Amino acid sequence: MNAEVNTSTVTALILAAGAGTRMKSDKPKVVHKVLDVPMIQLVITAAEEAGCERILTIVGHKQEQVRAVVPDTVECVHQPDQKGTADAVVVAADALKGSTGYLLVMCGDMPLLRPETLRQLIDVCRNRSMAVLTAQVDNPSGYGRIVRDETGSIAAIVEDKDASPAELAINEVNTGIYCFALEGLFERLEKIDSDNAQGEYYLTDMVKVCRAEGEAVIGLQLTEAEEAHGVNSRVQLAQAGQFLQKRINEKWMEKGVSIVSSEMTWISPDCELEHDVEVLPNTTIAKGSTVKRGSVIGPNTRMYQATIGEDCAVEESIVHGSRMGDRCTIGPYSYIRPEVDLGNDVRVGPSVEVKKSKIGDGSKIPHLSYIGDATLGEKVNVGAGTITCNYDGTKKSHTTIEDGAFIGSSTMLVAPLTVGQNSVTAAGSTIGEDVPEESLALARARQINKDGWVKKKKEGR
C-alpha cells in the first residue's frame with residue numbers, strides 16, 4: 001500500500017470469545033482477576049492508553065459475564081462459533097464498515113501488555129498492511145515460530161506442530177498481537193482457508209497473503225518477553241499477578257513510595273500513591289484507592305475504594321469504600337465500612353467498626369465500639385464498648401452526637417437519637433431519649449447487692 005494512512009486513527013479489536021477450559025471455571029477466562037482487576041479490563045486500559053479511539057471486544061462463551069465487566073464505551077460483537085482468530089476479525093466486519101486507519105488485534109487474556117509497546121507496533125505498521133508483535137523466549141514449545149527472510153521481514157509464522165527441526169530451534173515466537181491496515185483487510189481475509197488440523201481460520205495466514213501481494217510483514221520484538229505472558233490456567237493467572245505486582249511496585253518506588261517488602265505488597269493498577277507514602281508488609285491497596293503523601297499503610301491492611309489523606313496511619317485494618325482526612329490513625333483491627341467520612345485528626349482505635357457515618361475533626365473512637373448510621377461532630381470522645389443501636393429489626397435509624405460530647409464507656413445509644421453539644425453520658429447507660437446540650441445523661445438501673453446470696457445458693461436455701 002502506497003497511500004499514507006493516519007496512524008492516529010486506530011481501532012482495537014480484543015478477542016475474548018473463548019471459554020478457557022484449562023481454567024476449570026464457571027467464569028469466562030478473561031473475567032478472572034489480576035491484582036483485583038478483570039484481565040480484560042487491563043487489556044482495554046492498555047489499548048486506551050495506546051491511543052485507540054475505538055475499542056471492540058469479540059464475545060462468545062458466557063458473553064453476559066464479559067459484557068458485565070467491560071466499560072460502556074467498549075462495543076461488544078458476538079462470535080457465535082469460535083472458528084479461529086481470523087474468523088473473529090471477520091465477525092467484526094459490519095461493526096468496522098467505513099472505518100479507516102489501523103486495526104490493533106489483541107488477546108483478552110494478555111494482561112501485561114504495555115501501552116508504549118502497542119504504540120510502537122502501530123508505528124511500525126505505518127504505511128504497511130501488517131505488523132506482528134513477537135517475543136524471544138527460552139522455551140518456545142507450543143508457540144508459533146517466527147521465520148524471517150534475509151531482509152529481516154517475517155516470511156512465515158509456523159505452528160509448533162507443523163515446524164521442521166530447524167524451525168523448532170527458533171526462539172522468536174508469535175505473541176498473537178497484530179496491527180493491520182484496515183484498507184483491503186477484509187478482502188485479504190477472504191483468501192484465508194481452514195485447511196488445517198483444527199479446521200479454523202487463523203490470522204497467522206495473513207503473512208502468506210500479504211507476501212503474495214508483495215507486501216513486507218514487519219515483526220516488532222518485545223524487549224521484555226513477560227509482556228507476552230498469556231493466561232490459560234490458574235498457574236499462569238498467578239504468574240501474571242506476580243509479574244504485574246513487581247512492575248507496579250517498582251513504578252511506585254521510583255516515584256518516592258517506600259515499600260518494605262515488594263513480595264508482600266499488592267497494589268492494583270488503578271490506584272494512586274503520592275511520594276513519601278510507606279507501605280508495610282502484607283498490605284493490599286485495591287480498586288481505585290488513593291493514598292496521599294506521608295501516610296503509612298500496614299502491616300496486614302486491606303483497602304478497597306479508599307481515599308487516605310496526608311500523614312495518616314492505617315495499621316492492621318480494613319478500609320472499604322470510605323475516605324479520611326489528614327493525620328488520622330486507624331487500627332489495629334479496625335473495620336471502616338463503606339460510606340464513612342473521617343475528618344482531620346480523627347482516631348479510630350483497636351477493634352472499632354464504623355459504617356455509613358461522618359466523623360468530625362479531632363474526634364476519637366479509641367476502642368471496642370460500633371458506630372453505624374451516625375454523625376459525630378468535632379472533638380467528640382467515644383468511650384470503649386459504645387454501640388449505636390441503629391437497627392430495630394425493620395429499619396435503620398440515625399444517631400447524631402454534637403461537638404464536644406463525651407460518651408461514657410459501654411453506652412448504648414438507641415437511635416434515632418441526638419446527644420447535644422458538650423454533653424456527657426454516664427458509663428454503662430442506655431440512652432434512648434435526646435440529650436440536651438451541656439447535660440449529663442444517666443440511664444442505669446440502681447445496683448442491688450444481696451448479701452450471702454452465693455453461700456445460700458450452694459447450701460440449697
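This is a predicted model: local features need pLDDT of at least 70, side-chain atom pairs count only at pLDDT 80 or more; totals for chains, interfaces and linings use all residues.
Residues are numbered from 1 along each chain as its sequence is written, and side-chain values use heavy atoms, with hydrogens and water left out.

Helix H1 spans residues 39–49 and is followed by glycine 51, the phi of which is positive, near 100°; helices (H or I, at least four residues) and strands (E, at least two) are DSSP runs, numbered from the N terminus. The buried residues of H1 are Met39, Ile40, Leu42, Val43, Ile44, Ala46 and Ala47, where buried denotes under 20% relative accessible area, exposed over 50%, and partly exposed in between (1.4 Å probe, protein chains only).

Serine 233 is placed in the loop between strand E11 (218–221) and H9, and counts as buried because its relative accessibility is 14%. Apart from neighbours within four places in sequence, serine 233 is in contact with Arg22 and Met23, contact meaning heavy atoms within 4.5 Å. Arginine 234, by comparison, belongs to helix H9 (residues 234–254) and is partly exposed, with a relative accessible area of 43%.

A further loop, between strand E10 (172–181) and helix H7 (185–189), contains glycine 184, which has a relative accessible area of 27% and is therefore partly exposed. Between glycine 184 and serine 129 the separation is 55 residues in sequence and 8.4 Å in space, C-alpha to C-alpha.
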